[in-house]
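Student: I have a model open on my screen and would like to talk it through with you. Could we go step by step?

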Number of protein chains: 2
Amino acid sequence: MKSGISAAVIKRLPRYYRHLDELMESGVDRISSGELSKRMNITASQIRQDLNNFGGFGQQGYGYNVQYLYDEIGKLLGIDKQHGMIIVGAGNLGKAIANYGNFEKRGFIIKALFDSNTELHGKEIRGAKVYGLDKLEEFVAENDIEIAAIAIPKNYAPEVAERLIKCGVKAFWNFAHTDLNLNNDIIVENVHLSESLMRLSYRLHSTEERNG
Amino acid sequence: MKSGISAAVIKRLPRYYRHLDELMESGVDRISSGELSKRMNITASQIRQDLNNFGGFGQQGYGYNVQYLYDEIGKLLGIDKQHGMIIVGAGNLGKAIANYGNFEKRGFIIKALFDSNTELHGKEIRGAKVYGLDKLEEFVAENDIEIAAIAIPKNYAPEVAERLIKCGVKAFWNFAHTDLNLNNDIIVENVHLSESLMRLSYRLHSTEERNG
């Protein structure tokens, strides 16, 4: 079912999912591709084309069932299952991630945080305990951890990633300001905040030049 | 000079910039497209092609001057200038952004934070004071603020954005879990963390299916 779906479509799926979630929160049961189009600021034909990749979830002239579409996209995204997750780094960023309640709702269960700062050890953030980095291997072995969020300085990130791979972590959500050049079997999703800010700056700069 | 440069190239520029920065930190003066290619995990011909968009910064067989390339890309990205910035939201995420020293080095000067939590008012984060949200207009009017980072819950984000646009903010770095549907003149760079995590989950899920 998923073979041959383009990267661009997959990139849009989480956005569909978020909008459908918002629609459910507002009590909307059905939505036409036209209404969804206005809301998401993409064309209705793009939406129909995207959703047709998955067999098409709507009936002509009748719109999409919001809950059904939400559930189906959730399955495609693999968030109908639970994923055990740890956060390496319990600084502001690590804490921000741990405090973000929405992740849990989507099946990402944060089981622990790890930090070199001994003052944080034993503290709890939304029910997840902070441990020392020396406890990494033991914890990952004893709990079912698939994903590690990396929220530590770039100099320490590659070494920690290598340690985690050895004990079976399969995916990294990398906030460290460096590329983790890992084995191809390992999934890395980067969130490079400075790069995002530089893209903003580029756009600001080119707008200013256009406007003289 | 910048007209006709594709979005894909522009998207890669911050990544070049980051790698060149790392090279300078390690004391490297010159680098060939081959070496840069290995480091960045993209092909050497892609690199030559990308950099040729800007007139080509290298000489055949002689490699690129790291500092020169860094400076030129910096100019293209508009980070040779300073940009005044505020952060709305002084929770963990807002604090994480404020504490990220690298932004300053790149010309993004965080001048203040704003939060509804009165306990935070008057506190300083890396030299930037936290104010109440009622001080937004006054502060933006008196200081030269181009960019606002939005790190507050999604329900409050659109209203705050409208207020900021009225006092002249031109660009939003949006961490709120919603799209800010703003006027086309306004630049919005979104960092939707859940969407990034869902993309990771999708890749994890499809790898698992492939491996049975």
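Student: Are α2(B) and α3(B) roughly parallel or roughly perpendicular to each other?

Tutor: Good place to start, and keep in mind that this is a predicted model. Helix α2 of chain B spans residues 33–40 and helix α3 of chain B spans residues 44–52; their axes come within 8 Å and cross at roughly 110°. Angles of 65 to 115 degrees count as roughly perpendicular. The two helices, α2(B) and α3(B), are therefore roughly perpendicular.

Student: Which residues of α3(B) make the contact with α2(B)?

Tutor: Let's take both sides in turn. From α2(B) come Ser33(B), Gly34(B), Leu36(B) and Ser37(B). By class, the contact of the two helices has three nonpolar, three polar and one charged residues. The α3(B) side is made of Ala44(B), Ile47(B) and Arg48(B).

Student: Moving on to how the chains meet, which element gives the largest share of the side of chain B that touches chain A?

Tutor: The contact takes 49 residues from chain B and 49 residues from chain A. On chain B, the elements that each supply at least two residues include α1 (7–25), α5 (92–99), β10 (187–190) and α9 (193–210). The largest share, 15 residues, comes from α9(B).

Student: How many charged residues does that side of chain B have?

Tutor: Sort the side of chain B that touches chain A by class. There are 23 nonpolar and 14 polar residues. The charged residues number 12.

Student: Why do the copies meet through the same surface?

Tutor: Compare the interface residues of the two chains. The copies meet through the same surface because the interface residues of chain B are also interface residues in chain A, to the extent of 100%.

Student: Which residue of chain B comes closest to the rotation axis?

Tutor: Start with the superposition: a rotation of 180° with 0.0 Å of shift along its axis places chain B on chain A, with an RMSD of 0.0 Å. The two copies are thus related as by a two-fold rotation axis. Among the residues of chain B, the one that comes closest to that axis, with its C-alpha at 2.5 Å, is Asn92(B).

Student: Finally, what percentage of the residues of chain A count as buried?

Tutor: Chain A has nine helices and 10 strands, and its C-alpha atoms fill a box of roughly 60 × 50 × 35 Å along the principal axes. A residue counts as buried if 20 or more other C-beta atoms lie within 10 Å of its own. Of the 212 residues of chain A, the buried part is 38%.

Technical notes
Residues are numbered from 1 along each chain as its sequence is written. Chains are lettered from A and ligands numbered from 1 in the order in which they are written. This is a predicted model: local features need pLDDT of at least 70, side-chain atom pairs count only at pLDDT 80 or more; totals for chains, interfaces and linings use all residues. Two residues are in contact if their C-beta atoms, placed from the backbone, lie within 7 Å. Helices (H or I, at least four residues) and strands (E, at least two) are DSSP runs, numbered from the N terminus. Ala, Val, Leu, Ile, Met, Phe, Trp, Tyr, Cys and Pro count as nonpolar, Asp, Glu, Lys and Arg as charged, and the others, Gly among them, as polar. Axes are lines fitted to C-alpha atoms, for helices over the stretch in contact, and angles run from 0 to 180 degrees between N-to-C directions. Angles under 35 degrees count as roughly parallel, over 145 as roughly antiparallel, 65 to 115 as roughly perpendicular and the rest as oblique. A residue is buried if 20 or more other C-beta atoms lie within 10 Å of its own, exposed if 12 or fewer, and partly exposed in between; C-beta atoms are placed from the backbone. Copies are superposed by least squares on the C-alpha atoms of residues with pLDDT of at least 70 in both.
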